[in-house]
Amino acid sequence: MTLATKTAERLNKDMKRTLVFLFLGGAFGSSWVVKYPQKETCAPRGSSVILQCSYNYSDSDIVKSVKWGHKDNFFDGPFIYDSESNKTSSRFTYSGDKKHNCSLTIDKVELGDAGKYAFRFITNSDKFTGKDGTMLKIENEVIKEGDSASLTCTSGCDGGKPSQFMWLKDGEVIKKGPVLNLTDVSFKHSGDYCCTYNGATSGVITINVEFRPKNITVKVFPSEDVDPGTNVTLICSSHANPLVMNYTWFKKHGTNVTVLGERHRYYFKKSSQMDDDQFFCRATNKHGSCISSAVTIKIKGKQSHWFELKSAVCNYSDTFKTVALRLINIFTQFIFDIFIHI
């Protein structure tokens with residue numbers, strides 16, 4: 001056998017060994033996998049959700065740590081769950097193990113929790129990330145004041161006996177039975193709800209009732225009776241959910257109404273300029289608006305000639321035009337009443 005032949009034979013043997021090694025490497029690599037049964041999961045805001053997951057790896061390896069990443073943080077972190085860290089939010093619970101279950105539970109789901117999630121694990125010899133991930137979508141269902149809602153609790157085992165179900169609100173029992181009906185809801189219905197059955201407790205769903213601004217008031221600092229030249233601050237306050245988007249200030253002098261501007265606070269440097277003027281505000285959010293009663297700043301030593309807007313005016317869809325028309329009607333009626341009594 002020539003040297004060239006021997007060299008070629010040796011190369012052939014080496015190539016065969018290399019091919020066998022690569023083949024075995026491919027078979028070994030295929031055992032490392034993360035599977036997500038659901039590519040997409042939907043959950044109502046405030047509820048609890050489980051992102052199901054399973055994983056596999058070499059039988060000779062031992063899992064040292066497990067992690068869950070959110071959005072783009074799948075490889076280097078920061079992770080929303082990390083078994084090696086004690087900084088994980090209590091809302092994220094690893095409900096799997098260090099064998100083959102990698103499920104993640106998210107409590108009190110928020111809008112910011114939406115997006116892609118992926119599982120990563122580290123063994124004594126290697127690390128692996130299921131980069132395909134699973135998507136979480138948040139159903140942002142809005143419950144408004146006056147709406148109705150129905151919550152149903154079920155048992156996956158036997159369907160459950162109705163008498164053994166109990167509904168709790170903020171930790172207190174409010175009803176027995178599997179179904180909780182809420183009618184004509186108000187802000188008082190807002191809270192954390194869950195149900196129990198045979199000692200087991202469901203996840204928590206948070207109900208956040210939204211409503212237009214109410215209880216609109218005008219606060220005057222330092223007071224409604226001031227010395228001439230005193231600086232005065234008017235503050236418009238309200239109770240609303242979601243929060244007020246804008247406050248609008250109005251000035252009334254006689255029967256004339258003027259829009260002063262949109263801001264939470266209104267300032268006057270010289271109170272003497274406010275003689276005989278009344279002020280009120282309107283608070284608005286996405287569900288409507290409400291107008292406060294009017295206040296008059298009384299300048300000490302001067303006589304004021306004014307009438308009071310007796311009560312706040314509220315509407316679910318007030319615009320400036322409708323507010324102005326309503327005020328004109330009020331003022332017109334007032335003037336008509338004066339002429340009747342002359």
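## Glu110 and its partner

Glu110 is partly exposed, with a relative accessible area of 40%; here buried means under 20% relative accessible area, exposed means over 50%, and partly exposed lies in between (1.4 Å probe, protein chains only). Glu110 forms a salt bridge with Arg91, with 3.5 Å between the closest N and O atoms. A salt bridge is a side-chain nitrogen of Lys or Arg within 4 Å of a carboxyl oxygen of Asp or Glu. Arg91 counts as buried, at 16% relative accessibility. The two residues are 19 residues apart: Glu110 sits in the loop between strand 8 and strand 9, and Arg91 in the loop between strand 6 and strand 7. Helices (H or I, at least four residues) and strands (E, at least two) are DSSP runs, numbered from the N terminus.

## Basis of the model

This is a predicted model, in which local features need pLDDT of at least 70 and side-chain atom pairs count only at pLDDT 80 or more, while totals for chains, interfaces and linings use all residues. Residues are numbered from 1 along each chain as its sequence is written, and side-chain values use heavy atoms, with hydrogens and water left out.

The predictor's confidence in each residue, pLDDT, runs from 0 to 100. The chain has a mean pLDDT of 78, and 75% of its residues reach 70 or more. Over residues 304–311 the pLDDT is below 50, and this stretch has 21 contacts in the model beyond near neighbours in sequence. Contact means heavy atoms within 4.5 Å.

## Other salt bridges

The structure holds ten salt bridges. One of them joins the side chains of Lys67 and Glu84, at 2.9 Å from N to O. Lys67 lies in strand 5 and Glu84 in the loop between strand 6 (81–82) and strand 7, so the pair ties together parts that are 17 residues apart in sequence. Lys67 counts as buried at 5% relative accessibility, whereas Glu84 counts as exposed at 58%. Lys67 and Glu84 also belong to a network of salt bridges with Asp82.

Glu145 and Lys214 form a further salt bridge, with the closest N and O atoms 2.8 Å apart. Glu145 is in the loop between strand 12 (143–144) and strand 13 (149–152), and Lys214 is in strand 20 (residues 209–221), 69 residues away. Glu145 counts as partly exposed at 22% relative accessibility; Lys214, at 17%, counts as buried.

An open sheet of three strands runs in the order 3-8-7 with antiparallel pairing; two strands pair if DSSP finds at least two bridges between them. Strand 3 (49–51) and strand 7 (92–94) are the edge strands, each pairing on one side only. Strand 7 and strand 8 (residues 104–106) are joined by three antiparallel bridges, and Tyr94 stands opposite Leu104 in strand 8.

## Nonpolar cores

A nonpolar core is a set of buried Ala, Val, Leu, Ile, Met, Phe, Trp, Tyr and Cys residues joined through side-chain atoms within 4.5 Å. The largest has 27 residues, and those touching the most other members are Tyr55, Trp68, Leu104, Ile106, Tyr117, Phe119 and Phe121. Strand 9 (115–123) is among the strands that each supply at least two residues of this core; its share, four residues, is the largest. Apart from this core lies another, of 20 residues, among them Val218, Cys236, Trp249 and Ile297.
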